[in-house]
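Grab a pencil and keep the viewer open.

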Amino acid sequence: MDACYELVAFTQRALDHGRLAAGLFIDITKAFDCVDKDLFLKKLKTNGLTGPALSLFESYMSDRQQLVKIGEVLSRSEVIESGVPQGSVLGPIGFLIYINDLGKINLHGRIIFFADDACLLYDSDKLDDLYMYMKQDIEILMKWFSNNLLLLNLKKTEYVIFHKRSIIVEKRDLYVNNILITNTNI
C-alpha cells in the first residue's frame, strides 16, 4: 500500500470512529550515509541472502570511493567507509533493508517508511495517551537507532494531532531528552 494513502486512510478511520489521531514524523540524520557496511551485510545474511547474491552486495559496498568536482577542479578521491550509494536504485532499497527490522520492534504506533524517513501513526480517545505513546516510542526508537549506528534527529522530528474541527484540542509541548518536538498543527 502507498505510504501517503496509508497515512490518510489510518487518520480518516480514526476520525470516523470519533477518535483522535497523531502522526509522528521521524527524521534520521544523514540516513543513507550512516549505514554500517558490516551490520548491513549481517542483516542481509540474517534475512537469508547467501552465495553469489550476498557476494554481489559485499562487492557493491566495498572499496567505494568518491570525489567532488567544482568547475574544473577535482578533489582527492576518498574511500567511503559507510553508507549506501546514493543516486542509484540500490541506495534506497539498501537503506530499507538496513532498517527493515525497525518494523519488528514493539511500538505503540504503526510505522510507515518513506525512503529515509519514517512516520508513526497513533489513534486514541484520549489526548494524554497520544502524547504518552509518542514519547515512549521516541525513546525506544532512540535506543534502536543507537544500536544500529544511526541517529534520530529530534530537532527535525515533528508531530501532528489530527481531529475533527468540532473538537477543541489543547496544544501541548512534547519533550524528549529536553528537546522540544515540533508540533506542526495548523
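**Exercise 1.** Find out how many aromatic pairs there are, then work out how the rings of F40 and F57 are arranged.

*Solution.* Keep in mind that this is a predicted model.

Step 1: the count comes to three aromatic pairs.

Step 2: a pair of aromatic rings is described by the distance of the centres and the angle of the planes. For F40 and F57, the centres are 5.9 Å apart and the planes sit at 65°.

Step 3: planes over 60 degrees apart count as edge-to-face, so F40 and F57 make an edge-to-face pair.

**Exercise 2.** Are F40 and F57 buried or exposed?

*Solution.* Step 1: the cut-off for buried is under 20% relative accessible area.

Step 1: F40 has a relative accessible area of 0%, so F40 is buried. F57 comes in at 16%, so F57 is buried too.

**Exercise 3.** How do helix α2 and helix α4 pack, and which residues meet?

*Solution.* Step 1: two packed helices are described by the angle between their axes and the distance between the axes. Helix α2 (residues 37–46) and helix α4 (residues 90–99) pack at about 75°, and their axes are 9 Å apart.

Step 1: angles of 65 to 115 degrees count as roughly perpendicular, so α2 is roughly perpendicular to α4.

Step 2: look at the contact itself. From α2 come L39, F40, K43 and L44; from α4 come G94, I97 and Y98.

Step 3: sort them by class, and you get five nonpolar residues, one polar and one charged.

**Exercise 4.** Zoom out: how many helices and strands does the protein chain have, and what percentage of its residues is buried?

*Solution.* Step 1: the protein chain holds five helices and ten strands.

Step 1: of its 186 residues, 37% are buried.

Step 2: for the overall dimensions, the C-alpha trace spans about 60 × 40 × 30 Å along its principal axes.

Note on methods: Residues numbered from 1 in each chain as written. Predicted model: local features only at pLDDT ≥ 70, side-chain atom pairs only at ≥ 80, totals over all residues. Heavy atoms only, no water. Axes fitted to C-alpha atoms, helices over the stretch in contact; angles between N-to-C directions. Helix = DSSP H or I, 4+ residues; strand = E, 2+ residues; numbered from the N terminus. Parallel < 35°, antiparallel > 145°, perpendicular 65-115°, else oblique. Contact = heavy atoms within 4.5 Å. Nonpolar A, V, L, I, M, F, W, Y, C, P; charged D, E, K, R; others polar. Buried < 20%, exposed > 50% of the residue type's maximum accessible area, 1.4 Å probe, protein only. Phe/Tyr/Trp six-rings, centres within 6.5 Å; stacked < 30°, edge-to-face > 60°.
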